[in-house]
Protein chains: 2
Amino acid sequence: MARDGRLTIGDLSRRTGCKVQTVRYYEQIGLLPEPERSEGNQRLYRQAHLDRLAFVRHGRELGFSLDAIRELLSLADRPSHSCEAADAIARSQLQQVENRIARLTSLKAELERMIEECRGGRVADCRVIEVLADHSQCLADSHPPAATAP
Amino acid sequence: MARDGRLTIGDLSRRTGCKVQTVRYYEQIGLLPEPERSEGNQRLYRQAHLDRLAFVRHGRELGFSLDAIRELLSLADRPSHSCEAADAIARSQLQQVENRIARLTSLKAELERMIEECRGGRVADCRVIEVLADHSQCLADSHPPAATAP
DNA sequence: GCTTGAACCTACAGCGACTGTAGGTGCCAT
DNA sequence: ATGGCACCTACAGTCGCTGTAGGTTCAAGC
């Protein structure tokens, strides 16, 4: 830790579990304010930066987009306002999470069915390949794209 | 449909629900073989291309990565081999889907808790903001990054 | 035969949310 | 003074598409 309770970017990174590059990225896109610099041009952060970064990370862990977090931050900066907007953002996030769970649950069922019926023989008889090749055997709904890996 | 049962890229697109650009993209990354061309340089596909594309799309709907699909395709091309590898890919995919469901379920619980306790007052009292600001109130596990939108 | 307009072509930029690399500078301990 | 790590900037790459610009081909209608 730098003197006067100032934190280097590495300190910030260790305390939030957020990579150094990601901190710089957040600054670049305007999610974190530019901190002071040392004489040698290194970033020096204060507690307020740490709090703000923790807020961002926590939002990300809850699946909020950076845009949603940006909006939540700007709401948090005006504490006397109504929290209707924050509530709406959270509700929409909940809705999306529920949709994803539903979709993944049906994928899970189909994957289990595929695997269950694969008896470890030759590829020609493999249900995994067969099910993929023939959509008509499929329970899952069609076109919407699958979730990407986290 | 072009003559001789050949399909244009638009036909392929309509029959698989896969956008024209995406078909060209799959060709570019080597997931689909280059088809013949007409005299005017337009792609002409056969049934085999349609089957292969349907396989790819179905795999994507089940959440497989393009790399996993590439491997499944190469297995499908050698039908006399053991299907052990295909089974392993499907099992690993199932594992990932289960992990995502578990993670999303705990996010859902925390979002519900946040929303439940937000009584629509001022931002200063808003649980949504408060929970985001204070990680110690959190039930969700920490560092792994949140799922991205599907 | 000619015109129109949709469908096709290539090449490339952009999305979100980072992550990694190259090449250089600062800082601190020994 | 020197070693080695942490820091700096700038930019490219990841995944799986999607969109755009600017041009060509095709089929149908007149």
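**Protein–DNA contacts and chain arrangement in a predicted model**

In this predicted model, a polar backbone atom of Gly10(B) lies 2.9 Å from a phosphate oxygen of DNA strand C. For Thr8(B), the distance from a side-chain N or O atom to a phosphate oxygen of DNA strand C is 2.9 Å. For Tyr26(A), a polar side-chain atom is found 2.8 Å from a phosphate oxygen of DNA strand C. Of the atoms of DNA strand C that come within 4 Å of the protein, 85% are accounted for by sugar and phosphate.

The surface near DNA strand C receives at least two residues from each of three helices, namely α2 (20-28) and α3 (47-61) of chain A and α1 (9-16) of chain B. The greatest contribution, 4 residues, is that of α2(A).

DNA strand D is likewise surrounded by 20 residues, the closest being Thr8(A), Arg24(A), Arg43(A), Tyr26(B) and Arg60(B). Sugar or phosphate supplies 85% of the atoms of DNA strand D within 4 Å of the protein, and bases supply the rest. A polar backbone atom of Arg43(A) is placed 2.7 Å from a phosphate oxygen of DNA strand D. Two or more residues of the surface near DNA strand D come from each of α1 (9-16) of chain A and α2 (20-28) and α3 (47-61) of chain B. Here α2(B) provides the largest share, with 4 residues.

The arrangement of the two protein chains was examined by superposition. Chain B is brought onto chain A by a rotation of 179° with 0.0 Å of shift along the axis, giving an RMSD of 0.4 Å. The two copies are therefore related as by a two-fold rotation axis. Within chain B, the residue that comes closest to this axis is Ile101(B), whose C-alpha lies at 2.7 Å. Because 100% of the interface residues of chain B are also interface residues in chain A, the copies meet through the same surface.

Chain A contains 6 helices and 2 strands, which follow one another along the sequence in the pattern α-α-β-β-α-α-α-α. Chain A has 150 residues, of which 44% count as buried. Its accessible surface comes to about 7,900 Å², with 47% belonging to carbon and sulfur atoms. Among the contacts in chain A between residues at least 6 apart in sequence, 45% join residues at least 24 apart.

In soluble globular proteins, nonpolar side chains tend to be buried together. The largest nonpolar core of the model has 80 residues, and those with the most contacts inside it are Phe64(A), Leu72(A), Phe64(B) and Leu72(B). The surroundings of Leu72(B) include residues of both chains: apart from neighbours within four places in sequence, Leu72(B) is in contact with Val128(A), Ile129(A) and Leu132(A), and with Phe55(B), Phe64(B), Ala86(B) and Ile89(B).

How values were computed
Residues numbered from 1 in each chain as written. Chains lettered and ligands numbered in written order. Predicted model: local features only at pLDDT ≥ 70, side-chain atom pairs only at ≥ 80, totals over all residues. Heavy atoms only, no water. Core = buried A, V, L, I, M, F, W, Y, C linked by side-chain atoms within 4.5 Å. Buried < 20%, exposed > 50% of the residue type's maximum accessible area, 1.4 Å probe, protein only. Contact = heavy atoms within 4.5 Å. Areas by Shrake-Rupley, 256 points an atom, 1.4 Å probe, with all protein chains shown as cover. Least-squares fit on C-alpha atoms with pLDDT ≥ 70 in both. Near = heavy atom within 4 Å. Polar contact = N/O pair within 3.5 Å; in protein donor to acceptor, adjacent residues only side chain to side chain.
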